[in-house]
Amino acid sequence: MQSIYAMRQSGSDNLEKQEKFLQFSLESIIDLYLILLSTLVEIRKKEIEYTDIAQKKHLATTEERNPNLRFINNPILVALSENKSLRIALENNKITNWQSNDDTILLLLQDIKQSELYQNYMAKKAITFEEERFFVVDMFSELIAPNERLYSYLEDFKLTWVDDIPVVNTQILKQLRKMTSDADSIKVPAIYKDEEDKEFSIILFRKTVLNDAELTKEFVNKTPNWDLDRIAELDTTILKMAICEFLKFPSIPFKVTINEYLELAKEYSTPKSSIFINGILDNLVKDLHANNKINKVGRGLI
């Protein structure tokens with residue numbers, strides 16, 4: 001949606017250039033995932049460094065000489081630090097963000113240690129593995145993911161990540177909740193499910209752009225109270241993409257398409273856009289049925 005909108009706004013007709021940028025934007029989400037997941041590894045490293053320095057101080061306090069190592073020895077954090085899949089992915093993708101920007105990690109660690117969550121965790125006399133895992137999950141969801149400094153850093157580093165951050169955070173939390181003490185119990189996920197999944201976005205982009213006139217005709221006469229010029233540019237983009245799925249993607253159910261694009265409209269367009277778009281798409285589906293233009297295949301696709 002953003003790529004099609006940007007292409008129209010710029011007046012560019014360089015389809016290949018925009019496709020390459022779209023592909024790059026999609027595939028860079030794995031870098032965002034690696035950066036966010038590695039915050040847990042780097043925070044533990046910083047705490048180890050701090051503890052070692054404190055123990056070696058000439059006038060170290062009793063607490064500094066005999067530190068509470070529960071955070072450092074947390075089995076989930078240890079497993080992540082020893083995870084082969086994560087280590088290889090960080091090396092292959094050349095992710096060195098926290099080595100050159102460790103001030104963000106230091107501030108995250110500071111916020112964590114000042115939190116009630118951390119204080120309660122460290123004060124427990126005994127703790128189960130489940131409680132260890134719950135702590136890491138809560139630490140990530142309550143203290144790391146919503147951290148404004150971290151968000152600003154990621155936004156400045158790559159603007160296209162702004163919309164990806166919630167998706168990546170959700171994926172990481174899903175994995176953390178299932179982790180065991182086994183260092184290999186978490187795997188870096190693949191970007192795409194399969195080759196068809198990989199090709200889908202480019203094909204949708206291409207078919208929407210190349211069939212612009214045809215797709216416009218499908219809804220232009222279904223807005224009697226609206227001139228085409230009065231419809232928000234983003235709404236026309238959403239409509240064209242939805243209609244493209246109706247007509248050019250026989251395996252996608254109408255209901256799935258409508259639900260997906262209504263969510264896009266609610267998230268990115270005007271307050272009334274989703275109602276407007278829903279009305280047009282509902283009427284269009286009825287017309288497609290009436291005029292025998294249905295080309296959906298498979299059970300449950302109508």
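**Cores and pockets of the predicted model**

Within the largest nonpolar core, a set of 44 residues, the members that touch the most others are Leu40, Phe71, Leu80, Met139, Leu154 and Leu176. Here a nonpolar core is a set of buried Ala, Val, Leu, Ile, Met, Phe, Trp, Tyr and Cys residues joined through side-chain atoms within 4.5 Å, and buried means under 20% relative accessible area with a 1.4 Å probe and protein chains only. Two or more residues each come from α3 (29–55), α5 (75–81), α6 (84–92), α8 (102–114), α9 (116–123), α10 (129–144), α11 (148–157) and α12 (165–178); helices are DSSP runs of H or I, at least four residues, numbered from the N terminus. The top contributor is α3, with ten residues. Another core, of 34 residues, lies apart from this one and includes Ile4, Leu22, Phe246 and Ile258.

The structure is a predicted model, in which local features need pLDDT of at least 70 and side-chain atom pairs count only at pLDDT 80 or more, while totals for chains, interfaces and linings use all residues. Residues are numbered from 1 along each chain as its sequence is written, and side-chain values use heavy atoms, with hydrogens and water left out.

Leu176 is in contact (heavy atoms within 4.5 Å) with Leu40, Ile76, Leu80, Arg133, Val136, Val137 and Phe140, leaving aside neighbours within four places in sequence. In α10, the buried residues are Glu132, Arg133, Phe135, Val136, Val137, Met139, Phe140, Leu143 and Ile144. These buried residues pack against α3, α5, α8, α9, α11 and α12.

Turning to the open space, the largest pocket has a volume of about 2000 Å³. On a 1 Å grid over the protein atoms alone, a pocket is an open set of points where a 1.4 Å probe fits, with protein on both sides within 12 Å along at least five of seven lines, and lining residues have an atom within 4 Å of a point. Of its 50 lining residues, Leu22, Leu26, Ile29, Asp164 and Ser201 are the closest to the centre. The largest share of this lining, nine residues, belongs to α13.

The second largest pocket has a volume of about 290 Å³. Among its lining residues are Glu47, Tyr50, Lys113 and Met122. α3 gives the most to this lining, with four residues.

How values were computed: Buried means under 20% relative accessible area, exposed over 50%, partly exposed in between (1.4 Å probe, protein chains only). Grid points are joined across faces, edges and corners, and a volume is the space filled by probe spheres set on the points.
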